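Open your viewer and get the selection tool ready. We will take a short walk from one stop to the next.

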Amino acid sequence: MTGNGLPKRTGAKHRLIKIRDNRWVTGSTMVVLCVVLGVALVAQVRRTQTGEGLAEARPQDLVVLLDGLQEREAALRKEIAESEATLRKLQEGGTASAAALEEARRRATALAVLTGTVPVTGPGLRVEIGDNAGKLGPEVLLDVIQELRNAGAEALQAGPVRVGVDTALTGADGLIRIDGTTLTLPYVITAIGDPPTLAAALNIPGGVVDTVERKGGSTRIQQQDRVEITALRAERKQKYARPAG
């Protein structure tokens with residue numbers, strides 16, 4: 001009882017709020033971890049589908065590309081193992097600790113990079129594509145983006161637009177739009193990742209650079225120690241999808 005005769009409920013109310021907060025943090029953390037695992041697995045599957053056209057590649061290109069892919073694979077395996085370990089701890093413990101909350105924040109940051117909602121910087125490439133003949137269509141830039149993604153690019157920007165998982169390339173030869181924005185010549189694509197690996201992926205015989213040249217275009221690839229990607233994508237609010245369980 002309190003001094004004025006009323007029952008003391010502050011402690012019970014505090015425990016109830018803490019339980020709700022713990023359940024919310026645990027649920028949010030599990031959702032974030034599941035999404036990260038899904039992204040990692042999709043990236044791994046995409047890389048297994050890039051073997052076409054490698055038969056004619058130069059040995060030195062293959063060595064550089066293989067080294068980069070092996071490093072990326074090791075990083076993904078480590079990421080998956082850490083995510084699974086954290087998820088097991090949350091499932092077994094049932095409560096959110098300070099460590100679990102910090103892990104959730106770290107995963108949220110990683111997802112923000114993947115979804116393009118935060119600016120990023122790091123080593124990578126600057127690719128300039130010229131099209132004096134006006135024969136390059138949106139499929140060419142799509143090939144560039146896909147090759148860079150498969151080679152381990154962690155963030156991409158095409159012209160003034162941040163590339164995301166739902167990016168759409170449209171238009172026609174000589175007139176390319178990305179997410180509704182018309183790109184101007186030269187087409188500039190910046191990517192953050194291991195520079196030699198990314199460059200080797202674009203220069204594989206029969207690949208993107210050869211395709212551009214066959215259509216009368218030109219390609220300039222610059223490996224850089226520091227690339228800044230400042231364009232952002234708007235955060236999408238889920239209207240229908242809800243975490244299951």
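Is Arg126 buried, exposed or partly exposed? Keep in mind that this is a predicted model, then select Arg126: it is partly exposed, with a relative accessible area of 28%. Glu128 counts as buried because its relative accessible area, 18%, is under the 20% cut-off.

Next, select Glu139 and Lys215, another salt bridge, at 3.4 Å from N to O. Glu139 sits in helix H4 and Lys215 in the loop between H6 and strand S8 (218-229), so this pair ties together parts 76 residues apart in sequence. Both are partly exposed, Glu139 at 37% and Lys215 at 29%.

For one more pair, pick Arg226 and Glu228, which meet at 3.1 Å, N to O. Here Arg226 is exposed at 55%, while Glu228 is partly exposed at 49%. Then show Asp166, Asp179 and Arg233 together to see a network of salt bridges.

Time to go inside. Select Ile129, Leu148, Leu156, Ile189 and Leu202: of the 28 residues in the largest nonpolar core, these touch the most other members. H4 gives the largest share of this core, five residues. Center on Leu148 and look for its contacts, among them Leu125, Ile189, Leu198 and Leu202. A second, separate core of five residues includes Ala155, Ile192, Val227 and Ile229.

Finish at helix H5 (residues 195-202), where seven of the eight residues are buried, including Pro195, Thr197 and Leu198.

Terms used:
Residues are numbered from 1 along each chain as its sequence is written. This is a predicted model: local features need pLDDT of at least 70, side-chain atom pairs count only at pLDDT 80 or more; totals for chains, interfaces and linings use all residues. Side-chain values use heavy atoms; hydrogens and water are left out. Buried means under 20% relative accessible area, exposed over 50%, partly exposed in between (1.4 Å probe, protein chains only). Helices (H or I, at least four residues) and strands (E, at least two) are DSSP runs, numbered from the N terminus. A nonpolar core is a set of buried Ala, Val, Leu, Ile, Met, Phe, Trp, Tyr and Cys residues joined through side-chain atoms within 4.5 Å. Contact means heavy atoms within 4.5 Å. A salt bridge is a side-chain nitrogen of Lys or Arg within 4 Å of a carboxyl oxygen of Asp or Glu. Lists of a residue's contacts leave out its neighbours within four places in sequence.
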